[in-house]
Amino acid sequence: MKIKQFFLILVLPLLTYCSKVKQTDLAKLKLNEPVENLLSETSLKSIGTNSVEYPFAILAEDTDSTKFVFSTVPADRVYFLLSAKVNNDSVIKNGGGRFDGIYFKTKKQLENNLQILKKQNFSNEIFGFRAEIKGKKNQNAVKQLLTKMYGKSTKNPNTDNGEYWNVKNENKYVFFAPDYNRLIILNSKNLSKTCYWDSQNGIINIGKENCNYDKYLREMGVEIPK
């Protein structure tokens, strides 16, 4: 019995360490990582277009609530954004959002899906993420972390408690939308310098000029009906 107890004393710290190193800290991402290096090995995942979450990208969703944190704050699920030319008809013509994608679990299934998506002028490198942060305690902790990292925010005029940061020296757009349990951080290098829009944050003027919505949509590859 004593030998077993001694063995457990030796092994438990190692097991705890291994469980910790599997976590991904979203705050430390460079926002150009290959998506296959980020997703959990065993959780239910999906990949495809989701015009509710973000209409101008392929989204890879991971439902593993133990894998992702923003610094010390847990994320219930994460959507990684991948650049692609996608069909936005459901957003522009119908005004509604929908999901067109595939559910999977294994890394092999992910690799097969990525091969299929390459036909859509697709990049497997992420340019951002949308993390689901639930609960007032966690949301307040995220807000404090963002203020410490990026300074004073700008109020999002479209939501009650939303705010955002244009972090030019790091090429980042940061949108915190606690009304919808969302933290969004994007690599802004190849994005519009005047506008941002998704169905949860609404249209936001990023630059000094007023946002021209039609021009912005064209920049994102959307054909505007005449």
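Is Leu31 buried or exposed? Leu31 counts as buried, because its relative accessibility is 2%. Buried means under 20% relative accessible area, exposed means over 50%, and partly exposed lies in between (1.4 Å probe, protein chains only).

## The model and its parts

This is a predicted model, in which local features need pLDDT of at least 70, side-chain atom pairs count only at pLDDT 80 or more, and totals for chains, interfaces and linings use all residues. Residues are numbered from 1 along each chain as its sequence is written, and side-chain values use heavy atoms, with hydrogens and water left out.

The protein has five helices and 14 strands. Both are DSSP runs, numbered from the N terminus: helices (H or I) have at least four residues and strands (E) at least two. The protein has 226 residues, and 46% of them count as buried. Its accessible surface is about 13000 Å². Carbon and sulfur atoms hold 51% of that surface. These areas come from the Shrake-Rupley method with a 1.4 Å probe; for residues, only the protein chains shown count as cover.

Contact means heavy atoms within 4.5 Å. Take the contacts in the protein with a separation of 6 or more: 62% of them join residues 24 or more positions apart.

In soluble globular proteins, nonpolar side chains tend to be buried together. A nonpolar core is a set of buried Ala, Val, Leu, Ile, Met, Phe, Trp, Tyr and Cys residues joined through side-chain atoms within 4.5 Å. The largest nonpolar core here has 37 residues. The members that touch the most others are Leu26, Ile47, Phe70, Phe80, Phe129, Leu146 and Leu183. Helix H4 (residues 136–150) gives the most to this core: four residues.

A second, separate core has 22 residues, including Tyr164, Leu191, Tyr196 and Met220.

## Pocket and cavity

Rolling a probe the size of a water molecule over the atoms shows where empty space is left. The search runs on a 1 Å grid over the protein atoms alone. A cavity is a set of points where a 1.4 Å probe fits but cannot get out. A pocket is an open set with protein on both sides within 12 Å along at least five of seven lines. Lining residues have an atom within 4 Å of a point. Grid points are joined across faces, edges and corners, and a volume is the space filled by probe spheres set on the points.

The largest pocket holds about 440 Å³ of space. Its lining has 19 residues, and Ser83, Ala84, Phe127, Asn190 and Leu191 are the closest to its centre. By class, the lining has seven nonpolar, eight polar and four charged residues. Ala, Val, Leu, Ile, Met, Phe, Trp, Tyr, Cys and Pro count as nonpolar, Asp, Glu, Lys and Arg as charged, and the others, Gly among them, as polar.

How many cavities of 30 Å³ or more are there? The count is one. The largest cavity holds about 40 Å³. Ser46, Gly48, Asn50, Leu59, Glu61, Tyr79 and Phe99 line it. E2 and strand E3 (54–62) each give two or more residues to this lining. E2 has the largest share, with three residues.

## Two positive phi angles

Leu31 sits in the loop between strand E1 (24–25) and strand E2 (45–50). Its phi is positive, about 65°, although Leu31 is not a glycine.

Ser71 also has a positive phi, near 60°, and is a residue other than glycine. Ser71 lies in the loop between strand E4 (68–70) and strand E5 (73–74). Ser71 counts as partly exposed, because its relative accessibility is 28%.

## Residues brought together

Asn113 lies in helix H3 (residues 107–117). Why does Asn113 count as buried? Its relative accessibility is 8%, so Asn113 counts as buried. Leaving out residues up to four places away in sequence, Asn113 touches Ile47, Ile102 and Phe104. Asn113 and Gly48 are 65 residues apart in sequence, yet 9.2 Å apart in space, C-alpha to C-alpha.

Asn138 lies in helix H4. At 22% relative accessibility, Asn138 counts as partly exposed. Asn138 and Pro74 are 64 residues apart along the chain, and their C-alpha atoms are separated by 7.6 Å. Asn138 touches Val73, Pro74 and Ile133, not counting residues up to four places away in sequence.
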